[in-house]
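Here's a quick walk through the model below. Have the sequence and the 3D view to hand as you read.

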Amino acid sequence: MLRWLPGLIDWFARQPPSAPYSQLPDRPGSENDGSATKPIVEHLDDLRRTLIRIALALFIGFNLCLLFANRILFFLEAPLVRIVQNPKDCLQSLNVTDSFVLAMSLALYGGLLLAMPAILYYIADFILP
């Protein structure tokens, strides 16, 4: 199964050694290349922009899922329909606000799922530089 491993080890052994650390080029943003680092206020401004973008993406995803909350609920009820003849007997609202809370929860979790690629992109865009 691991027949390729000895060949890989031999290949690494044949490679010439890398340059010592003192000969490596300077990192971007270091003192030698002339660029200055950003002050804390600019970092906080970037963080504010990132959080606003994340909130906007979540808001758009929430509203899209809120439009289709009933369809999402029917999709989640589908396995129960296969098992029980009348699924409405199993699914009950015990409080007055349970139906509303269920719709909001479905919309929030669905919106989070829809917005997750954008959220991860914005987080990576903030952290990686």
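Thr50 is buried, at a relative accessible area of 11% (buried means under 20%, exposed over 50% and partly exposed in between, with a 1.4 Å probe and protein chains only). Thr50 sits in helix α2, which covers residues 40-67. Skip the neighbours within four places in sequence, and what Thr50 touches is Tyr122 and Phe126 (a contact means heavy atoms within 4.5 Å).

Keep in mind that this is a predicted model, where local features need pLDDT of at least 70, side-chain atom pairs count only at pLDDT 80 or more, and totals for chains, interfaces and linings use all residues. Residues are numbered from 1 along each chain as its sequence is written, and side-chain values use heavy atoms, leaving out hydrogens and water.

Now for the overall layout. The protein chain has 4 helices and 0 strands, running α-α-α-α from the N terminus on (helices are DSSP runs of H or I with at least four residues, strands are E runs of at least two, and both are numbered from the N terminus). Of the 129 residues in the protein chain, 12% are buried. Among contacts with a separation of 6 or more, 69% come from residues 24 or more positions apart.

How do α3 and α4 cross? The axes of helix α3 (residues 69-83) and helix α4 (residues 98-127) come within 9 Å and cross at roughly 90°, so α3 is roughly perpendicular to α4. For reference, axes are lines fitted to C-alpha atoms, for helices over the stretch in contact, with angles from 0 to 180 degrees between N-to-C directions. Angles under 35 degrees count as roughly parallel, over 145 as roughly antiparallel, 65 to 115 as roughly perpendicular and the rest as oblique.

On the α3 side, Ala69, Ile72, Leu73 and Leu76 meet Leu102, Ala103 and Leu106 of α4. Sort that contact by class and you get 7 nonpolar, no polar and no charged residues (Ala, Val, Leu, Ile, Met, Phe, Trp, Tyr, Cys and Pro count as nonpolar, Asp, Glu, Lys and Arg as charged, and the others, Gly among them, as polar).

The structure holds 4 salt bridges, where a salt bridge is a side-chain nitrogen of Lys or Arg within 4 Å of a carboxyl oxygen of Asp or Glu. The table has some of them.

| Salt bridge | N to O distance |
|---|---|
| Lys38 and Asp46 | 2.3 Å |
| Asp45 and Arg48 | 2.6 Å |
| Arg49 and Asp45 | 2.5 Å |

Asp45 and Arg48 are 3 residues apart in helix α2, so about one helical turn separates them. Arg49 and Asp45 also both lie in α2, 4 residues apart, about one turn of the helix. Salt bridges with shared partners tie Lys38, Asp45, Asp46, Arg48 and Arg49 into one network. As for accessibility, Asp45 is partly exposed at 24%, and so are Arg49 at 36%, Lys38 at 39% and Arg48 at 45%.

Last stop, the aromatics. The whole structure has 2 aromatic pairs. One of them is Trp11 with Phe12, an edge-to-face pair at 5.0 Å centre to centre with 75° between the planes. Rings of Phe, Tyr and Trp (its six-membered ring) pair if their centres lie within 6.5 Å, and planes under 30 degrees apart count as stacked, over 60 as edge-to-face and the rest as tilted. Trp11 is partly exposed at a relative accessible area of 41%, whereas Phe12 is exposed at 53%.
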